[in-house]
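Colleague: I'd like to learn how to read a structure like this one, feature by feature. Can we go through it together?

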Amino acid sequence: MTECNHINAGRRGLLIAGALSATAVAVPRVAGAAEAVTAPTQAGVAPPPVLMQVSLDVNGQRRSLELDTRTTLLDALREHLRLTGTKKGCDHGQCGACTVMLDGQRINACLTLAVMHEGATVTTIEGLGTPDRLHPMQAAFIAHDGYQCGYCTPGQICSAVAALGEIRQGIPSHVSVDLNAPPQATPEELRERMSGNLCRCGAYSNIIEAIAEVAGRPA
């Protein structure tokens, strides 16, 4: 019996010694982690931006910029080139207010980085027409009252011009009945192709009438 007590006591001593050893090892690590959390950091000092040269043909003029590589095409146009006709709406590619034409294709300028388009041709609303010499689409929007507040109008017009270009190229849409036949500028086609451009004023019917006039078809 005495021998068993000695064995149990030895086991208890071994377990206690092991626990103390583990605690002794862990405490400095916890203390070090706490010091690391509370120690002064350089969080308030941002790393310098990475800059890159980019050259774009914007509305017929070659423009060279040195940009932060994170700069969107929209911010390059508005903040660096002062072409504020292109609007920043949702900044998530959901409203279409920032639509411009890039190498003839419409694009949401808020969703692409400017440095990705070295040498590209960009057309904004300022490049389509002037007050003295309106683009036919601009004139049609005025004639059909295709805008109210006007905030989305530059994107609507750029998108409309590109949409008619898609139809002329024979590019079908989701509502094209026959994918092998040339698409027509029907109201259904126009509504589908313009569905990515939102008008919070609700001038959709007038917008379709304006686009249909330029396309040469009744709305």
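Colleague: Which residues are linked in a network of salt bridges?

Modeller: Arg106, Glu166, Glu189 and Arg193 are. The general idea is that side chains of opposite charge can pair when their charged atoms come close. The rule here wants a side-chain nitrogen of Lys or Arg within 4 Å of a carboxyl oxygen of Asp or Glu, and by that rule the count comes to seven salt bridges. Bear in mind that this is a predicted model, where local features need pLDDT of at least 70, side-chain atom pairs count only at pLDDT 80 or more, and totals for chains, interfaces and linings use all residues. Residues are numbered from 1 along each chain as its sequence is written, and side-chain values use heavy atoms, with hydrogens and water left out.

Colleague: Which parts of the chain does the pair of glutamate 166 and arginine 106 link?

Modeller: Their side chains meet at 2.9 Å, N to O. The pair ties together distant parts of the chain, with glutamate 166 in helix H5 and arginine 106 in strand E4, 60 residues apart. Helices (H or I, at least four residues) and strands (E, at least two) are DSSP runs numbered from the N terminus.

Colleague: Are those two buried or exposed?

Modeller: Buried means under 20% relative accessible area, exposed over 50%, and partly exposed in between, with a 1.4 Å probe and protein chains only. Glutamate 166 is at 14%, so it counts as buried, while arginine 106, at 24%, is partly exposed. Aspartate 68 and arginine 70 also form a salt bridge, at 2.7 Å, N to O. There, aspartate 68 is buried at 18% and arginine 70 is exposed at 61%.

Colleague: How many residues apart in helix H6 are arginine 191 and glutamate 188?

Modeller: Three, so about one helical turn separates them in H6 (residues 187-193). Arginine 191 is partly exposed at 47%, and so is glutamate 188 at 45%.

Colleague: On to strands. In which sense do E3 and E4 pair?

Modeller: Two strands pair if DSSP finds at least two bridges between them. Strand E3 (residues 99-102) and E4 have four, in the antiparallel sense. One example is threonine 99, whose bridge partner in E4 is asparagine 108. The two strands make a hairpin with two residues between them, and aspartate 103 in that turn has a positive phi of about 50°.

Colleague: Where does threonine 112 lie?

Modeller: Look in the loop between strand E4 (105-108) and strand E5 (121-123). Threonine 112 is buried, at 7% relative accessible area. Its side chain makes a polar contact with that of histidine 117, at 2.6 Å. A polar contact is a pair of N or O atoms within 3.5 Å; within protein, one must be able to donate a hydrogen and the other to accept it, and residues adjacent in sequence count only if both atoms are side-chain atoms.

Colleague: Which residues touch the most other members of the largest nonpolar core?

Modeller: A nonpolar core is a set of buried Ala, Val, Leu, Ile, Met, Phe, Trp, Tyr and Cys residues joined through side-chain atoms within 4.5 Å. In this one, of 25 residues, they are Leu128, Met137, Phe141, Ile157, Leu190 and Ile211. H5 gives the most to this core, with eight residues. A second, separate core has 19 residues, including Leu56 and Cys98.
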